[in-house]
Amino acid sequence: MQIIHAGQALTPDGWQDDLAVAIDDSGRIAAVGPQSSIADTRVDLLLPAPLNLHSHAFQRAMAGLTEARGPDPRDSFWTWRRLMYRFLDQLSPDDIEAIAALVFMEMLEAGYGAVAEFHYLHHAACGTPYDNLSEMSQRIVAAAMQAGIGLTLLPVLYQHGGCDRRALAGGQRRFGNDPDRFLALQAEAAQAVHAAASDYAMGLAPHSLRAVDPDGLTAVLGQAATGPVHMHLAEQVAEVDEVHAHLGARPAEWLLANHPVDARWCLIHCTQMTGTETDALAATGAVAGLCPLTESNLGDGIFNGTRFAGQGGAIGVGSDSNVQISFFEELKTLEYSQRLRDLSRAALATEGRSTGRVLYDAAAAGGAQAGGRDVGRIAPGAWADLAGYRTDTAQLCGRRGDAALDSLVFAGGGPAALREVWSAGRHVVTRGRHIHRDAIVATYMRRMARLETDI
Ligand code: ZN
């Protein structure tokens, strides 16, 4: 049993002062109440640690390598993607494990408690399966355990290089499976996930309507009746046009017309949706998986957040390409995109709740739903995914309640204020630093020294 004392805490009943939170040995919150015994840890401000709902861990090692402009004046998402394929061609299972451990550690140090890893790098170079079909999935699980982060593993079905069903080429061959081999891989990966930790969970991720054909989508959905389903939906204009040309409808339109999309689903990147699609998706109860830093970095477009929220739609955030790991920057970037588009302020705030509060609440609930993980609330029974902050910093100046959240999101106060993080009761960040930071960074840097970064 661990006891945390919090000067203020965000609970399902709102802000509460001088709270004690007890965590049992299984990693769940056992009790929440007044402070009556000695604390193991004290924090000024206690928040439910959000789940990062979309990550491709290996892309962390490419951050900062793709910002130069090539001779092609139309330098774009698609040139970035070609560079990404060349980079990942080099990566071994040991590299993947080292990169994933680093980025999972960074997520914890940013106040996330768990991650939904959208994992598509399955095979060796040229697409040859490893002797152990789920080798790479198991490396993701090993990295998560090393960092102590909560994990929802989403093995990805990737069949084709485009809607015309062209064969996978180059680096893409490492992603490819037909539905049968994918389901075998998924079953193996599930064993590893369930053996690893009782809070770890499985889901399913058909990559996109570009990479999965309608029959493949039906086949894998039929075999996975429970757990979250994640799919890239509508990120780029060229993607929407390609899907429209082959399926006769835009991606969101086609998906909603052909599958019973519901609260199990999380649709990643909803940057290219019409108003009608935005309303229709909000009504399904599915989570819109937003990745504002990556979407900004790749020039994807702006999600219609005000309209989606106005229709009661559920959102969460993910770090996707992992170009920067900052939960608060994701929230701020989402809000600022709305303000810049609409020439407004406090775009997503409501009458009773400030912008930072609305964003935090939405991301905590949406992340939990998308990860199929009982978190996002400081309440008995939930996994103890918790983040503790100090408020005696220059940016927070003792602020309380919603003003403290707004200062974390908009005043850049997060990094200096983060003190303690627990994931399912695992106390992995203390005094702002991951408990295994030195070893994880050393291993990562040793692996990276071998790689060709002049891509
Ligand atoms: Zn993605």
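## Strand 6 and its neighbours

E117 stands opposite L153 in strand 7. Strand 7 (residues 150-157) runs parallel to strand 6, and six bridges join the two; strands count as paired if DSSP finds at least two bridges between them. Helices (H or I, at least four residues) and strands (E, at least two) are DSSP runs, numbered from the N terminus. Strand 6 also pairs with strand 5 in the parallel sense, over three bridges. In that pairing N52 stands opposite V115 of strand 6.

How many of the six residues of strand 6 (residues 114-119) are buried? Six of the six are, so the strand is largely enclosed by the rest of the structure. Buried means under 20% relative accessible area, exposed means over 50%, and partly exposed lies in between (1.4 Å probe, protein chains only). A114, A116 and F118 point one way from strand 6, while V115, E117 and H119 point the other way, and all are buried.

## Basis of the model

This is a predicted model, in which local features need pLDDT of at least 70 and side-chain atom pairs count only at pLDDT 80 or more, while totals for chains, interfaces and linings use all residues. Residues are numbered from 1 along each chain as its sequence is written, and side-chain values use heavy atoms, with hydrogens and water left out.

## The protein as a whole

The protein has 15 helices and 17 strands. Its radius of gyration is 21 Å, close to the 23 Å that the globule rule gives for 455 residues, so the protein is as compact as a globular protein of that length. The radius is taken over C-alpha atoms, and the rule is 2.2 Å times the number of residues to the power 0.38.

Taken along the principal axes, the C-alpha atoms fill a box of roughly 65 × 50 × 45 Å. Of the 455 residues, 60% count as buried. Among contacts (heavy atoms within 4.5 Å) with a separation of 6 or more, 75% are between residues 24 or more positions apart.

Eight strands form an open sheet in the order 3-2-1-4-14-15-16-17, with mixed pairing. Strand 3 (29-34) and strand 17 (433-434) are its edge strands, each pairing on one side only. Strand 1 (residues 2-11) and strand 4 (residues 41-48) pair in the parallel sense over five bridges. A9 stands opposite L46 in strand 4.

## The zinc site

Which residues coordinate the zinc ion? They are H54 (NE2), H56 (NE2), H232 (NE2) and D320 (OD), at 2.1 to 2.5 Å. Donors are N, O and S atoms within 2.8 Å of the metal (3.2 Å for Na, K and Ca); water is not among the atoms, so sites may look incomplete. In sequence the donor residues are spaced H-x1-H-x175-H-x87-D. H56, in the loop between strand 5 (51-55) and helix 1 (77-88), and H232, in strand 10 (residues 229-234), are 176 residues apart, and this pair links distant parts of the chain. H56 is buried, with a relative accessible area of 4%, and H232 is buried at 6%.

The angles among the four donor atoms are 82 to 168 degrees, and the site is irregular. Four donors count as tetrahedral if all angles lie between 85 and 135 degrees; four count as square planar and six as octahedral if opposite donors are over 155 degrees apart and all others between 65 and 115; anything else is irregular.

## Two helices

The buried residues of helix 6 (residues 237-247) are E239, V240, E242 and V243. They cover an arc of only 165 degrees around the axis, which puts them on the same side of helix 6; the arc is that of the directions from the helix axis to the C-beta atoms. G248 follows helix 6 and has a positive phi, near 80 degrees.

In helix 13 (residues 401-410), seven of the ten residues are buried, so this helix is largely enclosed by the rest of the structure. Its buried residues are G401, D402, A404, L405, S407, L408 and V409. G412 follows helix 13, with a positive phi near 70 degrees.

## Two loop residues

Is D199 buried or exposed? D199 counts as buried, at 6% relative accessibility. This residue is found in the loop between helix 4 (179-196) and strand 8 (201-202). Leaving out residues up to four places away in sequence, D199 touches G150, L151, R373, W383, A424 and R426.

R377 lies in the loop between helix 12 (355-371) and strand 14 (386-389), and is partly exposed, with a relative accessible area of 29%. R377 and P50 are 327 residues apart in sequence and 9.3 Å apart in space, C-alpha to C-alpha.
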